[in-house]
Amino acid sequence: MQRQLSALESAGGRTYRFAASTLLTEQDIHRTFAKALRFPGYYGGNWDALVDCLDDLCGLVTGRVGIAVVVEDADQLLTAPDFPSLVSVLCQAADRANASTDLDGFPLGRPAIAEHFIFEFSDFDAERVAVTVRQTDLTVTTGDGFAGAELNPDEWHRHLNCPGT
């Protein structure tokens, strides 16, 4: 992981490190991300606004290349009630930031920005992490030393095409 973070930084990208203790409640999550990533003053402090702001980060924050957010001591988050929502929102934000079109399929007029969200655990149990964050809108995979989450395209696109479901 350190090699990949170094490569991102060598290309001009930025790495941000958060202590898990600053992400234990939804309010903490919004405050921490807003401060560290320089969200605008009108940031709404809700999940949708978090996706929007992560999708629209300025070049100063991303180096015009991308970001990696590393959450240290993430074991604390396994019992935090908002951890599954946070993972889903981060997947949504990364998907949108890395896209070249908006949700309606129109070109964005800006380059895609790579966003990576990494949770470092002291006592890592891939299955426990997977069970904790698994939800219908995510595909969660596990392997030797990792658990990964991404948007479930079937579920996600069904929700996008059917408002209110």
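Begin with helix H2 (residues 26–36) and helix H3 (residues 47–55), whose axes come within 11 Å and cross at roughly 20°. The model is predicted, so local features need pLDDT of at least 70 and side-chain atom pairs count only at pLDDT 80 or more, while totals for chains, interfaces and linings use all residues. Residues are numbered from 1 along each chain as its sequence is written, and side-chain values use heavy atoms, with hydrogens and water left out.

Helices (H or I, at least four residues) and strands (E, at least two) are DSSP runs, numbered from the N terminus. Axes are lines fitted to C-alpha atoms, for helices over the stretch in contact, and angles run from 0 to 180 degrees between N-to-C directions.

**Stop 1: H2 against H3**

H2 and H3 are roughly parallel to each other (angles under 35 degrees count as roughly parallel, over 145 as roughly antiparallel, 65 to 115 as roughly perpendicular and the rest as oblique). Their crossing is left-handed (the near helix is turned anticlockwise from the far one by less than a right angle; clockwise would be right-handed). Select Glu26, Ile29, His30 and Phe33 of H2 together with Trp47, Leu50 and Leu54 of H3: these residues make the contact (heavy atoms within 4.5 Å). By class they divide into five nonpolar, one polar and one charged. Here Ala, Val, Leu, Ile, Met, Phe, Trp, Tyr, Cys and Pro count as nonpolar, Asp, Glu, Lys and Arg as charged, and the others, Gly among them, as polar.

**Stop 2: the buried residues of H2**

Stay on H2 and select Asp28, Ile29, His30, Thr32, Phe33 and Ala34, which are buried (under 20% relative accessible area; exposed is over 50% and partly exposed in between, with a 1.4 Å probe and protein chains only). The elements that cover the buried residues of H2 include E1, H3, E2, H5 and strand E3 (114–119). Just after H2, Arg38 takes a positive phi of about 55°.

**Stop 3: aromatic pairs**

Rings of Phe, Tyr and Trp (its six-membered ring) pair if their centres lie within 6.5 Å; planes under 30 degrees apart count as stacked, over 60 as edge-to-face and the rest as tilted. The count by this rule is four aromatic pairs. Select Phe18 and Phe33, an edge-to-face pair at 5.0 Å centre to centre with 85° between the planes. Phe18 lies in strand E1 (residues 14–19) and Phe33 in helix H2, so the pair ties together parts 15 residues apart in sequence. Phe18 is buried at 5% relative accessibility, and Phe33 is buried at 1%.

Next select Phe39 and Tyr43, with ring centres 4.8 Å apart and planes at 65°, again edge-to-face. Phe39 is buried at 11% relative accessibility, and Tyr43 is buried at 14%.

**Stop 4: H3 against H5**

The axes of H3 and H5 come within 8 Å and cross at roughly 35°, in a right-handed crossing. On the H3 side, the contact includes Trp47, Leu50, Val51 and Leu54; on the H5 side, it includes Leu86, Val89, Leu90 and Ala93.

**Stop 5: two loops**

Select Arg64, in the loop between helix H4 (59–62) and strand E2 (66–72). Arg64 is not a glycine, yet has a positive phi of about 60°, and is exposed at 67% relative accessibility.
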